[in-house]
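Grab a pencil and work through these exercises with the structure open beside you. Try each task before you read its solution.

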Amino acid sequence: SCQQAASQAQHTQNQYQARGFQIIGILAENTNGNAPSQQDLQHWSNAAGMSTIPVLGDPNSQESFVYEWDGYIPTTVHLGPDMSVLSVDQGISDPGRWI
């Protein structure tokens, strides 16, 4: 499910980027369960076709865990321009309602 979400991310980014929307990908681990290296991040980005989406590493979800509300991955979080949380893990992948 993470790979599926990643493969659709660039399409969503392209659709809304003119309105100031930005997707950020975050990987907590690589395929071996280890902290992701720069090479892992680049491979993920390339494999998903993410050309304008930064992919960041967050080993063990130290920073992003605050947004992991349901215990399942992938986690989708929508933040407003003021960084307020608009939705977390509510099955909403299209940000159009807020843009």
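**Exercise 1.** Which residues make a nonpolar surface patch of about 410 Å²?

*Solution.* First, know what you're looking at: this is a predicted model, where local features need pLDDT of at least 70, side-chain atom pairs count only at pLDDT 80 or more, and totals for chains, interfaces and linings use all residues. Residues are numbered from 1 along each chain as its sequence is written, and side-chain values use heavy atoms, with hydrogens and water left out.

Next, the patch rule: members have over 30% relative accessible area and no salt bridge, like charges are joined within 9 Å, and nonpolar side chains (Val, Leu, Ile, Met, Phe, Trp, Tyr) within 5 Å. A salt bridge here is a side-chain nitrogen of Lys or Arg within 4 Å of a carboxyl oxygen of Asp or Glu. Areas come from the Shrake-Rupley method with a 1.4 Å probe, and for residues only the protein chains shown count as cover.

The patch is made by Trp69, Leu79, Met83 and Val85. Now zoom in on Trp69, in the loop between strand E2 (55-57) and strand E3 (77-79). Its relative accessible area is 55%, so Trp69 is exposed (buried is under 20%, exposed over 50%, partly exposed in between; 1.4 Å probe, protein chains only).

**Exercise 2.** Work out the pattern that the protein chain follows along the sequence.

*Solution.* Start by counting: there are two helices and four strands. These are DSSP runs numbered from the N terminus, with helices (H or I) of at least four residues and strands (E) of at least two. Read along the sequence, they give α-β-α-β-β-β. The radius of gyration is 13 Å, close to the 13 Å from the globule rule for 99 residues, so the chain is as compact as a globular protein of that length. (That radius is taken over C-alpha atoms, and the rule is 2.2 Å times the number of residues to the power 0.38.) To finish, buried residues make up 28% of the 99 residues.

**Exercise 3.** Is Gln10 buried or exposed? Compare it with Thr12.

*Solution.* Gln10 sits in helix H1 (residues 2-16), and Thr12 is found in helix H1 too. Gln10 has a relative accessible area of 7%, so it's buried. Thr12 comes out at 15%, so it is buried as well.

Now look at who they touch, where contact means heavy atoms within 4.5 Å. Not counting residues up to four places away in sequence, Gln10 touches Gly49, Met50, Ser51, Thr52 and Ile53. With neighbours within four places left aside, Thr12 is in contact with Phe21, Ile23, Ser93 and Pro95.

**Exercise 4.** Which side chain makes a polar contact with the side chain of Asp94?

*Solution.* Find Asp94 in the segment after strand E4 (85-88). At 38% relative accessibility, Asp94 is partly exposed. Leaving out residues up to four places away in sequence, Asp94 touches Tyr16 and His78.

A polar contact is a pair of N or O atoms within 3.5 Å; within protein, one must be able to donate a hydrogen and the other to accept it, and residues adjacent in sequence count only if both atoms are side-chain atoms. The partner is Tyr16, at 2.6 Å. The Asp94 side chain also reaches the backbone nitrogen of Gly96, at 2.7 Å.
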